[in-house]
Amino acid sequence: ENSDYFVTVARVQKDNNLELILNSFVALPKQKIVIIGNWDKDSYGNELKNKFSHHNNIFLLDAIYDLKELNYIRSNAKIYIHGHSAGGTNPALVEAMNLGLPIFAFKSGFNEYSTYNQAEYFNSSHELISIIENIDNNKLVSLGNNMKKIAEQHYTWKVIAEKYFNIINL
């Protein structure tokens with residue numbers, strides 16, 4: 001609840017770059033991260049959980065499907081890290097944006113498009129560490145505000161429903 005942690009929500013699979021994120025936080029032992037995912041789905045998730053769960057700053061939580069509980073954890077974080085490298089507008093990213101969280105996202109093309117190039121981006125553990133070490137509080141506030149504005153303009157049910165309505169009425 002002290003908002004002094006980073007958060008990630010993802011399916012535990014290689015293209016979500018969780019190992020890259022975890023390695024970054026091993027190198028940043030004073031920074032805490034909570035990663036919520038389906039760790040026990042397969043051997044990959046189990047291997048990651050076994051490898052990284054003993055670090056005092058890393059908290060690997062099982063998938064949370066209660067949106068109220070999930071949003072409580074996300075909204076109390078200081079930064080959302082989005083490691084997804086495949087797919088389009090990802091629901092986990094859009095939900096974090098709607099909460100007004102500053103976003104650090106993997107450089108994928110999709111993530112830059114979804115955040116209108118207004119987030120911080122990384123494609124290696126070294127880059128993520130550098131962003132974390134060099135970001136200041138004013139920039140974090142600005143990032144969070146920008147993410148919230150973008151989400152309100154592009155990713156609300158009202159906006160999306162209007163777009164569908166316009167397509168149907170052509």
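User: Ground rules before we start?

Analyst: This is a predicted model: local features need pLDDT of at least 70, side-chain atom pairs count only at pLDDT 80 or more, and totals for chains, interfaces and linings use all residues. Residues are numbered from 1 along each chain as its sequence is written, and side-chain values use heavy atoms, with hydrogens and water left out.

User: Okay. What is the strand order in the open sheet?

Analyst: The order is β3-β2-β1-β4-β5-β6, 6 strands with parallel pairing. Strands here are DSSP E runs of at least two residues, helices are H or I runs of at least four, and both are numbered from the N terminus. Two strands pair if DSSP finds at least two bridges between them.

User: Which are the edge strands?

Analyst: β3 and β6, as each pairs on one side only. From one strand to the next, the twist averages 20 degrees.

User: What does α1 touch when it packs on the sheet?

Analyst: α1 touches β1, β2, β3, β4, β5 and β6. Touching means contact, with heavy atoms within 4.5 Å. The direction of α1 makes about 160 degrees with that of β2. Angles run from 0 to 180 degrees between N-to-C directions, and axes are lines fitted to C-alpha atoms, for helices over the stretch in contact.

User: How many bridges join β4 to β5?

Analyst: There are 3, and the two strands run parallel. Y80 stands opposite I103 in β5. On β4, Y80 is also the bridge partner of V7. β1 and β4 pair in the parallel sense over 2 bridges.

User: And on to β6?

Analyst: β5 is joined to β6 by 3 bridges, again in parallel. A105 has Y121 as its bridge partner in β6.

User: Which way do the β5 side chains point?

Analyst: I103 and A105 point one way, F104 and F106 the other way, and all are buried. Buried means under 20% relative accessible area, exposed means over 50%, and partly exposed is in between (1.4 Å probe, protein chains only).

User: How many residues are in the largest nonpolar core?

Analyst: It has 29, and I21, I81 and F104 have the most contacts inside it. A nonpolar core is a set of buried Ala, Val, Leu, Ile, Met, Phe, Trp, Tyr and Cys residues joined through side-chain atoms within 4.5 Å. Elements giving two or more residues to this core include α1, β2, α6 and α7. The largest share, 5 residues, comes from α1.

User: What lies apart from that core?

Analyst: Another core, of 24 residues. Y5, V9, V34 and Y80 are among them.

User: Switching to α6. Which of its residues are buried?

Analyst: L128, I129, I131 and I132. They sit on the same side of α6, because they cover an arc of only 160 degrees around the axis. That arc is taken from the directions from the helix axis to the C-beta atoms. Among the elements covering these buried residues are β1, β4 and β5.

User: What about the other face?

Analyst: The face turned away from the buried side carries the exposed residues H126, E133 and N134. N134 counts as exposed because its relative accessibility is 59%. A polar atom of the N134 side chain lies 2.8 Å from the backbone oxygen of S130.

User: Now α7. Where does α7 lie?

Analyst: Across β4, β5 and β6, running at about 75 degrees to β5.

User: You listed Y116. What is its phi?

Analyst: About 50 degrees, a positive value although Y116 is not a glycine. Y116 is in the loop between α5 and β6. Y116 counts as partly exposed because its relative accessibility is 36%.

User: Which loop holds N17?

Analyst: The one between β1 and α1. Phi of N17 is near 55 degrees, also positive in a residue other than glycine. N17 is buried, with a relative accessible area of 16%.

Note on methods. Polar contact = N/O pair within 3.5 Å; in protein donor to acceptor, adjacent residues only side chain to side chain.
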